Amino acid sequence: MISIEQITPHLTWRLRRDVLYPGQYLHDMEMDEDNHGYHFGAFENNALVGVVSLFKHSDDDWQFRKFAVVADVQKKGIGTQLLNYITTFVVRENGTRLWCNARLSATGFYQKFGFTKTGSEFHKNGFDYLIMQKSL
């Protein structure tokens, strides 16, 4: 059974690092905007197994970042539950656009949930990305 809760930014850092940036320093996971966003954790048996951070850019425009699920529990629907949770959250906040900088390796996952590719690919911190968005 998975539960999803709002968490403090620092609780996301270790999982961010372990899943998205293995080998990097934990203190490098903190983002300046962390203090201005919403952070959610997925818990299984009281263990944090997934995180996502959500940021409001304007009244109706929201971006999620640093979406990560522990490798051992991937493909079990945890990412799906987190994505559905933040989508519902944004709708409740009257958001009409939800978007992310998706790693190219994850674009298929987002497309399953109605996200579409926008713009061109770009390279950042050793990874290739594409902006993907969904109208709500």
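Contact, in this talk, means heavy atoms within 4.5 Å. Helices (H or I, at least four residues) and strands (E, at least two) are DSSP runs, numbered from the N terminus.

Now the ground rules. This is a predicted model: local features need pLDDT of at least 70, side-chain atom pairs count only at pLDDT 80 or more, and totals for chains, interfaces and linings use all residues. Residues are numbered from 1 along each chain as its sequence is written, and side-chain values use heavy atoms, with hydrogens and water left out.

Start with the fold. The protein chain has three helices and seven strands. Their order along the sequence is β-α-β-β-β-α-β-α-β-β.

Next, overall dimensions. The C-alpha atoms fill a box of roughly 35 × 35 × 30 Å along the principal axes. The radius of gyration, taken over C-alpha atoms, is compared with a globule rule of 2.2 Å times the number of residues to the power 0.38. For 136 residues, a compact globule would come out near 14 Å, and the protein chain has 14 Å, so the two agree.

How much of the chain is buried? Of the 136 residues, 42% count as buried. The cut-offs: buried is under 20% relative accessible area, exposed is over 50%, and partly exposed is in between, with a 1.4 Å probe and protein chains only. The accessible surface is about 7700 Å², and 47% of that belongs to carbon and sulfur atoms. Those areas come from the Shrake-Rupley method with a 1.4 Å probe; for residues, only the protein chains shown count as cover.

Contacts reach along the sequence. Take those between residues at least 6 apart: 59% of them join residues at least 24 apart.

Threonine 8 is partly exposed, at 36% relative accessibility.

On to the rings. A pair of aromatic rings is described by the distance of the centres and the angle of the planes. Rings of Phe, Tyr and Trp (its six-membered ring) pair if their centres lie within 6.5 Å; planes under 30 degrees apart are stacked, over 60 edge-to-face, the rest tilted. The structure holds 15 aromatic pairs. One of them joins tryptophan 62 and phenylalanine 89, edge-to-face, at 6.0 Å centre to centre and 85 degrees between the planes. Tryptophan 62 lies in strand β4 (residues 61-69) and phenylalanine 89 in helix α2 (residues 78-92), so this pair ties together parts 27 residues apart in sequence. Both residues are buried.

A second pair is phenylalanine 109 with tyrosine 110. Their centres are 5.4 Å apart and their planes at 70 degrees, so this pair is edge-to-face. Phenylalanine 109 is partly exposed at 24%, whereas tyrosine 110 is buried at 7%. Ring pairs also link Phe64, Phe67, Phe109, Tyr110, Phe113 and Phe115 into a cluster.

Last stop: threonine 107, in helix α3 (residues 107-111). Threonine 107 is buried, at 10% relative accessibility. Beyond neighbours within four places in sequence, threonine 107 is in contact with Ala102, Lys117, Leu130 and Met132.
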